[in-house]
Amino acid sequence: MAITKTDVEAALTSEFNPSHLQVVDTSGGCGASFEVEVVSEKFEGKRLLERHRMVNAALAELMQSIHALSIKKALAPSQLPSPADPAAA
């Protein structure tokens, strides 16, 4: 059975309760390749490698059918760039 974008979103939402989540099926719809961006408080204080391992662990069951996973962002909210100050513009 092909993995869908919804499957990946559900697994990551369940594990991380993210404030930002973007999942893109880069396989053309066959469910073999995905790009993800996740922002979650659960990443606070974790190094990049730890955050990536956490994402892979959350998707472990699905990874049996996914050929490629690109983790574009796995950040804690405190790591997000602050919005530009409108007064400075």
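This note goes through the predicted model point by point, from the overall fold to single residues.

1. Basis of the model. The structure is a predicted model, in which local features need pLDDT of at least 70 and side-chain atom pairs count only at pLDDT 80 or more, while totals for chains, interfaces and linings use all residues. Residues are numbered from 1 along each chain as its sequence is written, and side-chain values use heavy atoms, with hydrogens and water left out.

2. Confidence. The chain has an average pLDDT of 91, and 92% of its residues score at least 70; pLDDT is the predictor's confidence in each residue, from 0 to 100. Confidence in the chain is highest in helix α2, at 97, and lowest in helix α3 (residues 60-63), at a mean of 94.

3. Elements and extent. The chain has three helices and three strands, and from the N terminus the elements run α-β-β-α-α-β. Helices (H or I, at least four residues) and strands (E, at least two) are DSSP runs, numbered from the N terminus. Along its principal axes, the C-alpha trace spans about 50 × 25 × 20 Å. Of the 89 residues, 28% count as buried; buried means under 20% relative accessible area, exposed over 50%, and partly exposed in between, with a 1.4 Å probe and protein chains only. Where contacts join residues at least 6 apart in sequence, 59% of them are between residues at least 24 apart, a contact being heavy atoms within 4.5 Å.

4. The sheet. An open sheet is formed by three strands in the order β1-β2-β3, with mixed pairing. Two strands pair if DSSP finds at least two bridges between them. Strands β1 (20-25) and β3 are the edge strands, each pairing on one side only. From one strand to the next, the twist averages 10°. Strands β1 and β2 run antiparallel and are joined by six bridges. His20 has Val39 in β2 as its bridge partner.

5. Helices on the sheet. Helix α1 packs on the sheet and touches β1 and β2, its direction making about 155° with that of β1. Helix α2 (residues 48-58) lies across β2 and β3 and runs at about 130° to β3. For these angles, axes are lines fitted to C-alpha atoms, for helices over the stretch in contact, and the angles run from 0 to 180 degrees between N-to-C directions.

6. The structure has two salt bridges, each defined as a side-chain nitrogen of Lys or Arg within 4 Å of a carboxyl oxygen of Asp or Glu. Side chains of opposite charge can pair when their charged atoms come close. Glu9 is partly exposed, with a relative accessible area of 25%, and Lys5 is partly exposed at 38%.

7. Salt bridge between strands. Lys72 forms a salt bridge with Glu35, with the closest N and O atoms 4.0 Å apart. This pair links distant parts of the chain, as Lys72 is in strand β3 (residues 68-75) and Glu35 in strand β2 (residues 33-39), 37 residues apart. Glu35 is partly exposed, with a relative accessible area of 28%.

8. Ser33. This residue is found in strand β2. Ser33 is buried, with a relative accessible area of 18%. Its side chain makes a polar contact with the side chain of Thr26, at 2.7 Å. A polar contact is a pair of N or O atoms within 3.5 Å; within protein, one must be able to donate a hydrogen and the other to accept it, and residues adjacent in sequence count only if both atoms are side-chain atoms. Neighbours within four places in sequence aside, Ser33 is in contact with Val24, Asp25, Thr26, Ser27 and Ala68.

9. Asn17. Asn17 sits in the loop between α1 and β1 and is exposed, with a relative accessible area of 64%. Its phi is near 45°, a positive value in a residue other than glycine. Most residues other than glycine have a negative phi.

10. Arg47. The loop between β2 and α2 contains Arg47, which counts as exposed at 66% relative accessibility. Arg47 and Ala74 are 27 residues apart in sequence, and their C-alpha atoms are 10.0 Å apart in space.
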